[in-house]
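Subject: Handing over a structure

Hello,

I am passing a structure on to you, with some notes on what turned up in it. Please have a look before reading on.

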Amino acid sequence: MSVSAKRRPLIIGIGNPLCGDDGLGWTIAEQLARDYDGDCDLLTVHQLTPELAQEMAPATLVVLIDASREGEPGEFRVCSLSLSALPGPLGAHHMAPEELVALAAAVYGSCPPVVIASMTGADFSMGEHLSPIVARCIPLAISALVLQLREIA
């Protein structure tokens with residue numbers, strides 16, 4: 001991974017597009033990158049790993065997008081992540097967003113604001129499909145995130 005020379009927002013879609021609604025993070029991230037009229041970087045990953053700290057550090061804003069199993073299907077939530085998290089023991093395969101933010105700050109000396117966006121999925125079965133309710137809610141999620149990017153980035 002290389003750190004971009006130009007400071008701009010970083011959009012990270014998290015999930016598995018082969019497991020139904022678990023792929024909504026990728027779908028929303030890819031569409032958001034197309035719809036946002038500013039310059040941004042896009043990554044799609046299966047999970048958060050320590051290597052992402054290098055990509056996050058120079059960004060002006062990081063937007064993490066993932067599916068959730070909590071709440072009503074189609075429910076969309078956006079929250080800002082506190083940068084006061086302390087890093088715990090580092091795992092080789094998975095990190096919580098708070099741990100990743102702390103790692104970026106500790107190793108690279110800074111971490112931009114981080115926004116976590118999640119939508120509750122309805123169907124996590126095998127296949128490259130999104131449930132109808134999630135598919136219907138994606139345009140509203142993208143509109144909300146475009147506004148967030150314009151406001152913060």
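Let me start with Arg 8, which is buried, as its relative accessible area is 19%. Do keep in mind that this is a predicted model.

Arg 8 has a salt bridge with Asp 41, where the closest N and O atoms are 2.8 Å apart. Because Arg 8 sits in the segment before S1 and Asp 41 in strand S2, this pair ties together parts that are 33 residues apart in sequence. Asp 41 itself is partly exposed, with 22% relative accessibility.

Arg 8 also meets the side chain of Asp 39 in a salt bridge, at 2.7 Å from N to O. Here, too, distant parts of the chain are linked: Asp 39 belongs to the loop between helix H1 (24–35) and strand S2 (41–45), while Arg 8 comes in the segment before strand S1 (10–14), 31 residues apart. Asp 39 is partly exposed, at 37% relative accessibility.

Next, have a look at Asp 37 and Arg 150, whose side chains form a salt bridge at 3.2 Å, N to O. This pair links the loop between H1 and S2, which holds Asp 37, with helix H4 (residues 132–152), which holds Arg 150; the two residues are 113 apart. Asp 37 is exposed, with a relative accessible area of 59%, whereas Arg 150 is partly exposed at 46%.

Through shared partners, salt bridges join Arg 8, Asp 39 and Asp 41 into one network. The count of salt bridges comes to four, and those described above are among them.

Best wishes

Key: Residues numbered from 1 in each chain as written. Predicted model: local features only at pLDDT ≥ 70, side-chain atom pairs only at ≥ 80, totals over all residues. Heavy atoms only, no water. Helix = DSSP H or I, 4+ residues; strand = E, 2+ residues; numbered from the N terminus. Buried < 20%, exposed > 50% of the residue type's maximum accessible area, 1.4 Å probe, protein only.
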